Amino acid sequence: MIPATSEAPAARVGVVVVAAGSGSRFGGETPKQFLSLGGTPVVVRAARALLSHSGVAHAVIVLPEADASGWWRRIAPFLGDEGARVSWRAGGATRQDSVRAGLDALDASASAVELVAVHDGARPGVSKALFARVLAAAAASGAAIPAVAPADTLWRRDQAGFAAARIDRDEIRGAQTPQCFRRELLRAALARADEAGFVGTDEASLVHRSGCPVRLVEGSLRNHKVTRPADLEFLRGLLDAPPRAPRAPRTGIGYDAHRFGAAGPLRLGGLRFPEVPGLAGHSDGDALLHALTDAILGAVAAPDIGSLFPSSDTSLRGASSVRFLERALAIARAAGYAPGQADCVVIGERPRLAPRVPALRKRLAGLLGVPESAVGIKGTTTDGMGFPGRGEGLGVQAVVRLDPLPGPEAHAP
């Protein structure tokens with residue numbers, strides 16, 4: 001086998017990831033290429049390894065013809081930013097049909113490519129270095145594939161199932177993907193195969209049959225193909241799952257405002273202010289707890305307080321706003337977060353907040369489960385401007401920092 005340089009070719013590269021098979025040998029309802037490996041679908045891991053190469057202009061993932069769009073919706077979120085360079089196409093009845101469909105999609109992508117790499121969607125262990133070696137060899141010779149030498153002694157068997165003759169394993173190589181070719185060379189090989197009614201087991205067999213030599217580049221045992229359930233377990237043990245990046249704290253902002261006029265005293269932060277009339281609202285009108293609730297919900301991208309507790313719900317009339325805050329905290333915990341800090345500003349001409357700040361900090365710290373030193377509370381006026389300045393009501397703005405809880409990340413309901 002001829003060694004190849006790992007230097008990246010100057011040619012623009014297009015990628016066809018073939019993931020259109022039914023996975024019948026694997027068994028189960030989900031085709032093997034869509035099963036999870038380290039939290040990511042196998043086919044996405046296969047595609048990402050090739051997309052990491054700087055020479056790749058565009059990639060096409062060829063999906064099962066039945067419900068191709070549905071499979072795309074399932075895997076697209078896992079591609080992240082790389083998704084901008086990826087499109088999909090429905091496959092065909094044979095591998096050759098699927099590869100041709102991928103080539104057509106590459107041509108339609110307006111990414112003029114000179115080299116095409118065809119990769120199995122069920123080979124998630126390909127390395128960037130292996131891909132670079134094969135690309136460099138294909139750029140130099142027109143066609144190149146990775147291949148591995150067998151480790152075991154090989155025998156040819158007879159029809160009765162007995163050993164007939166030993167095969168010299170030095171002459172044998174197992175073909176892998178990605179298989180890389182000059183684009184026009186692969187196109188021509190597909191066309192000749194179609195004319196002759198020839199069906200190959202891989203693209204190299206088509207190109208070799210058309211008369212073009214195919215260069216062999218050292219492959220890798222990590223570049224293993226998932227065919228049966230044992231293969232997936234093998235790869236789970238062989239491939240290190242990508243480390244989960246530490247989750248960063250989340251920040252949410254909440255704002256609420258109500259007019260004065262409700263029966264009974266004002267409630268803020270769960271405390272009573274008897275010298276000030278209550279705030280009108282479908283609950284107890286506690287604008288401070290409402291703002292905190294919305295800030296927490298916003299930090300985990302959950303529905304806002306109006307969606308969770310609509311004013312049309314008559315059962316909430318006069319309800320304690322502590323109930324709303326507790327629901328938001330439960331949603332945050334389900335998402336893997338808990339409050340770390342809160343800062344609140346009460347905007348209005350009344351009440352006079354300063355004497356009650358210590359009690360408010362203590363109350364809010366208890367509700368949020370944080371130290372009092374992590375709660376900021378302050379009051380301000382608008383110098384007579386707007387509805388707070390006219391004494392018609394008050395507003396509250398709250399900022400909350402949520403910190404990740406230890407353990408695996410959960411998902412908000």
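Is Ala 301 buried or exposed? I looked this up before anything else. Ala 301 is exposed, because its relative accessible area is 70%, and the cut-off for exposed is over 50%. I kept in mind that this is a predicted model.

I stayed with Ala 301. Its phi is near 55°, a positive value in a residue other than glycine. I found Ala 301 in the loop between H8 and helix H9 (305-308).

Then I turned to Asp 67. Phi of Asp 67 is also positive, near 65°, and this residue is not glycine either. Asp 67 sits in the loop between E4 and helix H2 (68-75). I noted a relative accessible area of 47% for Asp 67, so it counts as partly exposed.

**Entry: cis peptide bonds**

The bond from Thr 177 to Pro 178 is cis, with omega near 10°. Pro 178 has its place in the loop between E10 and strand E11 (179-182).

Arg 350 and Pro 351 are also joined by a cis peptide bond, and here omega is about 5°. I located Pro 351 in the loop between E15 and H11.

**Entry: helix H3**

Next I checked H3, which covers residues 95-108 and has 14 residues. From its first C-alpha to its last, H3 reaches 20 Å. That is close to the 20 Å expected at 1.5 Å a residue.

Which residues of H3 are buried? I listed Gln 96, Ser 98, Val 99, Ala 101, Gly 102, Leu 103, Ala 105 and Leu 106. The buried residues of H3 pack against strands E1 (13-18), E4 (56-63), E5 (86-90) and E6 (115-120). They also pack against helix H5 (183-196) and helix H6 (203-209).

**Entry: nonpolar cores**

I had a general point in mind here. In soluble globular proteins, nonpolar side chains tend to be buried together.

The largest nonpolar core here has 49 residues. Leu 292, Ile 296 and Leu 394 touch the most other members. Several elements each supply at least two residues of this core, among them strand E13 (250-268), helix H10 (322-334), strand E16 (375-380) and E17. Which element gives the most to this core? I found that H8 does, with 9 residues. Another core lies apart from it, with 34 residues, including Val 44, Ile 75, Cys 180 and Val 217.

**Entry: Val 399**

I picked Val 399, which lies in strand E17 (residues 393-404). Val 399 counts as partly exposed because its relative accessibility is 34%. I set aside its neighbours within four places in sequence and looked up its contacts. Val 399 is in contact with Thr 251, Gly 252, Ile 253, Gln 341, Ala 342 and Asp 343.

How far apart in space are Val 399 and Val 214? I read 63 Å, C-alpha to C-alpha. In sequence, the two are 185 residues apart.

**Entry: the second largest pocket**

Last, I looked at the second largest pocket, which holds about 260 Å³ of space. It is lined by 15 residues, and the closest to its centre are Arg 123, Val 148, Gln 176, His 224 and Lys 225. Strand E10 (174-175) and helix H7 (229-238) each supply at least two residues of the lining. I sorted the lining by type: 5 nonpolar, 6 polar and 4 charged.

Conventions: Residues are numbered from 1 along each chain as its sequence is written. This is a predicted model: local features need pLDDT of at least 70, side-chain atom pairs count only at pLDDT 80 or more; totals for chains, interfaces and linings use all residues. Side-chain values use heavy atoms; hydrogens and water are left out. On a 1 Å grid over the protein atoms alone, a cavity is a set of points where a 1.4 Å probe fits but cannot get out, and a pocket is an open set with protein on both sides within 12 Å along at least five of seven lines; lining residues have an atom within 4 Å of a point. Grid points are joined across faces, edges and corners, and a volume is the space filled by probe spheres set on the points. Helices (H or I, at least four residues) and strands (E, at least two) are DSSP runs, numbered from the N terminus. Ala, Val, Leu, Ile, Met, Phe, Trp, Tyr, Cys and Pro count as nonpolar, Asp, Glu, Lys and Arg as charged, and the others, Gly among them, as polar. The expected span of a helix is 1.5 Å times one less than its number of residues. Buried means under 20% relative accessible area, exposed over 50%, partly exposed in between (1.4 Å probe, protein chains only). Contact means heavy atoms within 4.5 Å. A nonpolar core is a set of buried Ala, Val, Leu, Ile, Met, Phe, Trp, Tyr and Cys residues joined through side-chain atoms within 4.5 Å.
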